[in-house]
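These are my notebook entries on a single structure. I wrote down what I looked up, one topic at a time.

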Amino acid sequence: MNRTQRVAIGSVQSDDIKLDFGVPQGSVLGPKLYCIFAKPVGEICRRHGMSYHSYADDTQVYQIIRPQGDWCDLSKRLEKCLSDIGDWMSANMLKLNEDKTELIIFAPKHQLKHLSDFRLTFDGTVLSDVSCVKNLGMYFDKTISMEHQVSAITKACFYQIRNIGRI
């Protein structure tokens, strides 16, 4: 396929360059082809004993930790898994976005105080345990209480109701 791209800043444009790789943005096959292309990410997760979920280019790696589980062993496996995924992505002209990489530990409220010092080191960045994550538009907090999700929906509803009221 003869596709090109150029950069435009204001009225100044670069020369066209030929694109040898990629799928046109918005194509019907784009998500399926990406899933086929990124299949090795799942194989890397399984090799490290991790579970994972993928949706388009968004992947969550997770592991169930039992109360008697060994965080040191698990954190080393998670760090190695993330490192191997980063290496695979780099070798395949992709980039793992460390800014969007998060760590969350789900637990009952009475156990949270015992689970406060979890950290992972990934590509020179320290990932600390966060209190809430957003996944496919849903907010999940450490205790899965849904408080943050309900608050966000309520805020969005009030915003829309206010707009309707202005009409």
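Entry 1, aromatic pairs. I looked for aromatic pairs and found 1 in this predicted model. Rings of Phe, Tyr and Trp (its six-membered ring) pair if their centres lie within 6.5 Å; planes under 30 degrees apart count as stacked, over 60 as edge-to-face and the rest as tilted. The partners are Phe 37 and Trp 88, with 5.7 Å from centre to centre and 50° between the planes, a tilted pair. I noted that the pair links distant parts of the chain, 51 residues apart: Phe 37 is in helix α1 (residues 30-37) and Trp 88 is in helix α3. Helices (H or I, at least four residues) and strands (E, at least two) are DSSP runs, numbered from the N terminus.

A note on the source: residues are numbered from 1 along each chain as its sequence is written. Local features need pLDDT of at least 70, side-chain atom pairs count only at pLDDT 80 or more, totals for chains, interfaces and linings use all residues, and side-chain values use heavy atoms, with hydrogens and water left out.

Is Trp 88 buried or exposed? Trp 88 counts as buried because its relative accessibility is 15%, whereas Phe 37 is partly exposed at 38%. Buried means under 20% relative accessible area, exposed over 50%, and partly exposed in between (1.4 Å probe, protein chains only). I then listed what Phe 37 touches, not counting residues up to four places away in sequence: Trp 88, Asn 92 and Leu 94. Contact means heavy atoms within 4.5 Å. I also checked Phe 37 against Ile 167, 130 residues apart along the chain, and their C-alpha atoms are separated by 48 Å.

The crossing of α2 and α3 is right-handed. A crossing is left-handed if the near helix is turned anticlockwise from the far one by less than a right angle, and right-handed if clockwise.

Which residues of α2 and α3 meet? From α2 I listed Pro 40, Val 41, Ile 44, Cys 45 and Arg 47, and from α3 Cys 81, Asp 84, Ile 85 and Trp 88. Sorted by class, this contact has 7 nonpolar, no polar and 2 charged residues. Ala, Val, Leu, Ile, Met, Phe, Trp, Tyr, Cys and Pro count as nonpolar, Asp, Glu, Lys and Arg as charged, and the others, Gly among them, as polar.

I found His 48 in the loop between α2 and β5 (51-55). His 48 is buried, with a relative accessible area of 13%. Leaving out residues up to four places away in sequence, His 48 touches Arg 77, Lys 80, Cys 81 and Asp 84. Between the C-alpha atoms of His 48 and Lys 32, 16 residues apart in sequence, I noted 25 Å.

Ile 144 is not a glycine, yet its phi is positive, about 55°. Met 146, also other than glycine, has a phi near 70°. I placed Ile 144 in the loop between β10 (138-141) and α4 (147-166), and Met 146 is found in the loop between β10 and α4. Ile 144 is partly exposed at 45% relative accessible area, and Met 146 is partly exposed at 25%. Aside from neighbours within four places in sequence, Met 146 is in contact with Met 138, Tyr 139 and Asp 141.

I found His 148 in helix α4. His 148 counts as partly exposed at 39% relative accessibility. Beyond four places in sequence, the contacts of His 148 are Cys 132, Tyr 139 and Asp 141.
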